[in-house]
Amino acid sequence: MATIKTMKKNAVTAPLSEISVLGWIRKNLFSSVLNTLLTFVTVYIIYTTLKGVWSWGIVDAVWVAENRRECFAINVDGACWAGVIAWLDNIFYGRYPREELWRINLGIFFLFMWMVPLWLPRVKAKISIGMTTVFLYPFLGGYLFAGGEKGIFMQVMLTAAVVCLLVNTIHSIIGVFSGRSLPEFFASLSNKKNICEKTQRNIFFGFLAILFVLIYVWQMSWNVERVPWTKWGGLFLTLVIAGIGIASALPGGIVLALGRRSRMPVIRVFSTAFIELFRSVPIITVLFMATTMFPLFMPQGFVLNKLVQVIIAVCLFNAAYMAETVRGGLQTIPQGQFEGAHTIGLGYWQTMGLVVMPQALKHMIPNIVGNFITVLKDTTLVSIIGLFDVLGMLRSIGKDLPWLGLHIEPLVFGAILFFLICFTMSKYSRHLEAKLSTNHHN
Amino acid sequence: MKLSTLLTSVVAFAVMAAPAVASTGDTLDIVKKRGHLRCQVGTPSGGFYNLDADGNWYGLDVAVCQAVTAAIFGDKKKMEIQSVSSQARFTALANGESDLLCRTATWTISRDTQLGLDFVTPNFYDGQGFTVLKESGITSALQLKGAKVCVTTGTTSELNLADFSRAHDLNISAVTFEDWNVRDDTYLKGGCDAVTIDKSSLAANIVSFPNPADHMILPETISKEPLGPAVRHGDSQWADIVRWSLFAMINAEELGVTSANVDDMRANSKNIDVRRMLGVEGNIHEGLGLSKDWAYNIIKQVGNYGENYEKYIGSGEGALGIQRKGTLNELWTNGGLMYSPPMR
């Protein structure tokens, strides 16, 4: 009979060449003569590039000057950031009247207030918050940005938006501190326990109604001067166009994708034709069609709002692209899911809304966000048809007499701006992916 | 390149279709009813139409827009400047989007007769020229034999350069660029011996170079570029208003009326021409359908032609610095082409 004796062997730490920094460097950078050579060449290239950029953009740069001549006089080799700084208002807000800029800032602040709860983990009813952002915020933002006389419809929607913003904010504050929703919170204020859902809802609606009447009366006294769209511009205009394009692309894309997979021939043919038509022409052609050709078919003197034309064109174009992304997502869902949903008696919309879409959308997040980033970047094309979006403004700096010929600095600034925005979006998409991941990895 | 061809054909079709749409509407009535003038310019161009850091438009062409506005409303601010891409410029005028176009567009017979628009009268006489380095020793365009010349592609400048080279047997090789910034950078780095484009733009370029004194514009002018406002074809009264608003500015300079002395002139001048123009005597305003003080408003609020030239194009502070003396843009009394028919 053999006995096996186990003996504990002392653990040995990994060899230094595997874990130390020097070991890593040796392994990855200097493992052979060729690699060593490549490393030195690469380091040299990076060093000279960075050094050049650094000395042009920072060390030799001129930050304060009256005009470009003065920049040249101070340091002819450096960047002339003074021109960009002088134009910052134009770059961000376009030709918007300078004394009215608070309206844009306030509008953007409200948008943040509206959307911050979406990021807070303890807040409930995120779907309603998201939906109201898409459907009600445009009225509040639109009134702040455009101003002027408001009709009865506008007054009602504006009031609804303000009520919604207030309720959202209160709801989120309560949510953060107590983890409850607003109706639950109202119920908990009274001493009775276990108030049924219906009563909760009635109290909540009563509260909404009172708030609505109060705000409606208050908003009648609001009066902001009308700012025509021709004065909109800069990053603000870019974000307005891209924002509306992004907000409408997903719903539009879902509808078109479902239409394309529909069993009803008219809907299917129409959706397919629409998608293929818009996908087979460049966006700049669509923009030119919308702004140049379209007015020709209208009666003389009938002048459409060019901004609205552009926004409609951007929305249609992006819906078509998004439709194909969504269709791709739908095709990842196995047939069994549809069949399973049918077996338990779900109809078409329930199958789509409760079973298929939630899974499909999750798969599509990287593509959807990629699409959104493309929308934002494509928006700069409107500068070609004469709107002063952020790129249009950046290019105008070099034509302004004091800054004649200044073209590299504005574009570098624009590149940094776009990188910041797009990088934030893509980081957020990674965050969403991680959060929504249910770890169904096979 | 394919895309731009497509766009050009789309726009060409649009423009051909346009005259059918344009009608003999009463532009003046429409403008008055609307309460403001819609004046079309292009994407900013040094000296002619620029945005400043506060988002306001200024420049020699913008001044024409302001003059027409002041003549109609007595307030030069009652206008909206529309910035339209060059592909869509004539369509936007033809379909009634703009009331008036003033954006360094060259007056040619094909444009005047085939695009459903009428050029009014030039407000600036430009022409294509060459910039060279002073140290190159070149003093005449005829010395550019075998030279490399930087030019923006797809422009008439490129065609004019080829014609010039052939006519004088110079064998110039054109280096073409899509973007004028890149063109200038190439020239500055020695990639070509000269740059060619309209002289006003050459002047603007030189001002933007690090050492303007090292460069010079050659004396030859190889093309005619009369730039001026244009209106929709078929509304003569409207064309008259725009034409005489510009003539009022030129006439005022000839008569020595400026924005500074116009009040004094209106009150005290004995000169019958001045009195007629400023509406003290006579009734020249009636035919235009404007108020008696239309020309006074132009000069008071916008200034005469010379004032505006100096402010934006000439030697004024921060202006482009193009010498007016000896050019076509001088008054006819000084040997130029700026000439207003009599206002009587």
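This is a predicted model: local features need pLDDT of at least 70, side-chain atom pairs count only at pLDDT 80 or more; totals for chains, interfaces and linings use all residues.
Modeller: Residues are numbered from 1 along each chain as its sequence is written, chains are lettered from A and ligands numbered from 1 in the order in which they are written, and side-chain values use heavy atoms, leaving out hydrogens and water.

Colleague: Thanks! Why is B:Asp99 called buried?

Modeller: Buried means under 20% relative accessible area, with exposed over 50% and partly exposed in between (1.4 Å probe, protein chains only). B:Asp99 has a relative accessible area of 2%, so the residue counts as buried.

Colleague: What makes B:Arg38 a polar contact of B:Asp99?

Modeller: A polar contact is a pair of N or O atoms within 3.5 Å; within protein, one must be able to donate a hydrogen and the other to accept it, and residues adjacent in sequence count only if both atoms are side-chain atoms. The backbone nitrogen of B:Arg38 lies 2.8 Å from a polar atom of the B:Asp99 side chain. B:Arg38 is also on the list of residues in contact with B:Asp99 (heavy atoms within 4.5 Å), including B:His36 and B:Trp238, with neighbours within four places in sequence left aside.

Colleague: Over to chain A: why is A:Leu330 called buried?

Modeller: A:Leu330 has 1% relative accessibility, so by that cut-off this residue is buried as well. A:Leu330 touches A:Leu258 and A:Val356, among others, not counting residues up to four places away in sequence.

Colleague: How do you know how much area domain 1 and domain 2 of chain A bury between them?

Modeller: The bounds, 40-86 for domain 1 and 98-436 for domain 2, come from an automatic or database domain assignment. Buried area is the accessible area (1.4 Å probe) that two parts lose on being put together, summed over both. For these two domains of chain A that is about 930 Å², 75% of it on carbon and sulfur atoms. A:Trp56, A:Arg68 and A:Val84 supply 52% of the area that domain 1 buries against domain 2, more than any other three residues.
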